[in-house]
Amino acid sequence: MKKVILFNFNGTITNTKFLAIDMYNEIAEKQGYKKISEEDIPYLSTLSIRNRCKVLNLPLYKMPLVGIAIKRRSQQYIPNLKPVSGMKETLRLLKQEGYKIGFTTSNNQDVINEFLIHNSIDIFDYHHFSFSPFSKSKDISSFLKKYNVKKEDVVYVGDELRDIKAAKKNGLFSIAVSWGFDSVELLNTGHADKVITQPKEIVDILSRLS
């Protein structure tokens, strides 16, 4: 059986890093947290969420609420974003080679559908929508149950350390991408099965797994 390739949406299919930072900075200005400058990004990308909160003077217990607020503010902009360079071609190639592709996201379903149609990649076989951006492990588990897919048949692709941890918790082969917010250094602490720098590498990895 061909593998199911399950993508985390934000940060993996489309690069939402700078959009999320802009939304965070709007909140930070009102709440008195430290704003993120362009110069801060390389250092913050090496830190865990807990340590980022310390640097930004953001109480850890408030992080989930801030994350949901960022998600809510971002929705109006997502339909006009573009896929990561090379992602559209990779998705189409995966389909051509007989793989099933899916995604998990906490974005609004109508917003994602608009993005997919706008970018001519409305070609996914599976999708899983959730409310919270902090329920990745549960989302993967729910996806497996919803579509009755075996964990050994799924490859998970994500851009954050918590993506990798969630994939491993569910027993999935994991691919970490370097174009999200988390640095390769941080991603490596999660011991992903593979870390890639461009989408086309996914196809090469899958060919070796077959």
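In the predicted model, Thr105 is in contact with Phe9, Asn10, Ile112, His128, Phe129 and Ser130, when its neighbours within four places in sequence are left aside. Thr105 is found in strand β2, which spans residues 100-105, and its side chain makes a polar contact with the side chain of Asn107, at 2.9 Å. The relative accessible area of Thr105 is 6%, and because this lies under the 20% limit, the residue counts as buried.

Ile112, one of the contacts of Thr105, belongs to helix α6 (residues 109-118), where Val111, Ile112, Phe115 and Leu116 are buried. Seen down the axis of α6, these buried residues fall within an arc of 130°, so they line one face of the helix. The buried residues of α6 pack against β2 and against β3 (126-129), whereas the face turned away from the buried side carries the exposed residues Asp110 and Ile117. At the start of α6, a side-chain oxygen of Asn108 reaches to within 2.8 Å of the backbone nitrogen of Asp110, and the helix is followed by Ser120, whose phi is positive, near 55°.

The largest nonpolar core comprises 48 residues, of which Ile5, Phe7, Ile13, Tyr24 and Leu94 touch the most other members. Helix α1, formed by residues 17-31, gives the most to this core, with six residues. A second, separate core consists of twelve residues, among them Leu6, Ile140, Phe143 and Val149. For Tyr24, once residues up to four places away in sequence are not counted, the residues touched are Tyr33, Lys34, Lys35, Ile36, Leu56, Leu58, Val66 and Ile70.

Glu185 has its place in helix α9, which covers residues 184-188. Although Glu185 and Leu47 are 138 residues apart in sequence, their C-alpha atoms are 9.3 Å apart in space.

Terms used. Residues numbered from 1 in each chain as written. Predicted model: local features only at pLDDT ≥ 70, side-chain atom pairs only at ≥ 80, totals over all residues. Heavy atoms only, no water. Helix = DSSP H or I, 4+ residues; strand = E, 2+ residues; numbered from the N terminus. Buried < 20%, exposed > 50% of the residue type's maximum accessible area, 1.4 Å probe, protein only. Polar contact = N/O pair within 3.5 Å; in protein donor to acceptor, adjacent residues only side chain to side chain. Contact = heavy atoms within 4.5 Å. Core = buried A, V, L, I, M, F, W, Y, C linked by side-chain atoms within 4.5 Å. Arc of directions from axis to C-beta.
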